[in-house]
Amino acid sequence: MTPLKITLAGGFTCLAIYLFVTAPEPLADANAQQASSCSYDTREVFEALNTLNDAARSIYTKRIVGGGLRAGLKFGEDWEEPGVEKGPLPALFLRLTAARLETKPAELGLYLGSDAPINASNLFGKDQMQVFQGVKATREPAFSATEDARLVAMYPDIASVQPCVTCHNEHPDSPKTDWKLNDVMGATTWTYPTPQISAEEALAVIETMLQSVAEAYGQYLEKTSGFAEPVPLGSMWPDTDLRQLPDLETFMQSVRAAAAPIVTSILISRSQASDFNEEFTPCKIS
């Protein structure tokens, strides 16, 4: 995916629908001038990023994996092995996205962990586990800081579709085999080095997240091109009797469309004074 170029006349505006399909009416000059120097509480940007991540994972899980299984496609942990004609499971798709994120200059971290993971490398450490227990009990995000002062946001990862539950219950390495729909299976954790973030940086990390999702999906498409019978690409989604995958542009348009209203609402209406006792100019629309 070609990175979106953002050009804003009269100053940088943090409140446009910058990364999505349709731009709104231009802001008034006064708002544009304010937005050009505004900052966000990083927790609000985490909310936007998590919404975007949820949209990407939901579309991948329900429309790519769910529809793909009905179309005869396969998905598994060994999908990257030579000669294996499979795609990544939803949790591995997030891991792919996180790995692509690590290659970018933005200092944004993404991690999916659990107290009962199939892969032991995803087991929370002692401090993470304490925070996760609260998230698990309340189903609300929790915010904390690391020893080196990085801000951490942990969001509950809830079993929303039956295939995820079945996969975890039937996996031979799963330490827990009685998962049910709507259980909190783990948590998505974000990190960023500062408790506040400029408007330009906020847009940059959101764009970086979109690029990482696109690259993760692109890796799956590249894998399918090497199948004995390559999977056709187009604007259609897989389903019964339709062995086809959406191309990269179609997939990303769906992700943007699903995330745009909520992400934009968060950045416009939920930015507020920081609780970290550091002065900054919040991004507000008057």
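Helices (H or I, at least four residues) and strands (E, at least two) are DSSP runs, numbered from the N terminus. This is a predicted model, where local features need pLDDT of at least 70, side-chain atom pairs count only at pLDDT 80 or more, and totals for chains, interfaces and linings use all residues. Residues are numbered from 1 along each chain as its sequence is written, and side-chain values use heavy atoms, with hydrogens and water left out.

**Stop 1: the sheet**

Select the strands. Four of them form an open sheet in the order E2-E5-E4-E3, and the pairing is antiparallel. Strand E2 (109–113) and strand E3 (142–145) are the edges, each pairing on one side only. From one strand to the next, the twist averages 25°. Two strands count as paired if DSSP finds at least two bridges between them. Strands of a sheet pair through backbone hydrogen bonds, either parallel or antiparallel.

Five bridges link E2 and E5 in the antiparallel sense. Pick Gly113: opposite it in E5 stands Ala187. Next come E4 and E5, antiparallel and joined by eight bridges. Here Asp157 faces Gly186 of E5. Finish at E3, which runs antiparallel to strand E4 (residues 151–158) and is joined to it by four bridges. Phe143 has Ala153 of E4 as its bridge partner.

Is E5 mostly covered or uncovered? Mostly covered: nine of its nine residues are buried. Buried means under 20% relative accessible area, exposed over 50%, and partly exposed in between (1.4 Å probe, protein chains only).

**Stop 2: helices on the sheet**

Select helix H3 (residues 90–102). H3 lies across E2 and strand E5 (184–192), running at about 155° to E2. Axes are lines fitted to C-alpha atoms, for helices over the stretch in contact, and angles run from 0 to 180 degrees between N-to-C directions. Helix H4 (residues 126–138) also packs on the sheet, touching E2, E3, E4 and E5. The direction of H4 makes about 50° with that of E4. Contact means heavy atoms within 4.5 Å.

Stay on H3 and color its buried residues, among them Phe93, Leu96 and Leu101. The 13 residues of H3 should span 18 Å at 1.5 Å a residue, and the end C-alpha atoms are 19 Å apart, which agrees. The expected span is 1.5 Å times one less than the number of residues.

**Stop 3**

How do the axes of H3 and H6 cross? They come within 8 Å and cross at roughly 125°. That makes H3 oblique to H6. Angles under 35 degrees count as roughly parallel, over 145 as roughly antiparallel, 65 to 115 as roughly perpendicular and the rest as oblique.

Show the side chains at the contact. H3 contributes Phe93, Leu96, Thr97, Arg100 and Leu101. Residues from H6 include Thr208, Met209, Ser212 and Tyr217.

**Stop 4: Ala48**

Jump to Ala48, in helix H2 (residues 42–70). Ala48 is buried, with a relative accessible area of 2%. Which residues does Ala48 touch, not counting residues up to four places away in sequence? They are Ile206, Val263, Ile266 and Leu267. Ala48 and Leu267 are 219 residues apart in sequence, yet 7.3 Å apart in space, C-alpha to C-alpha.
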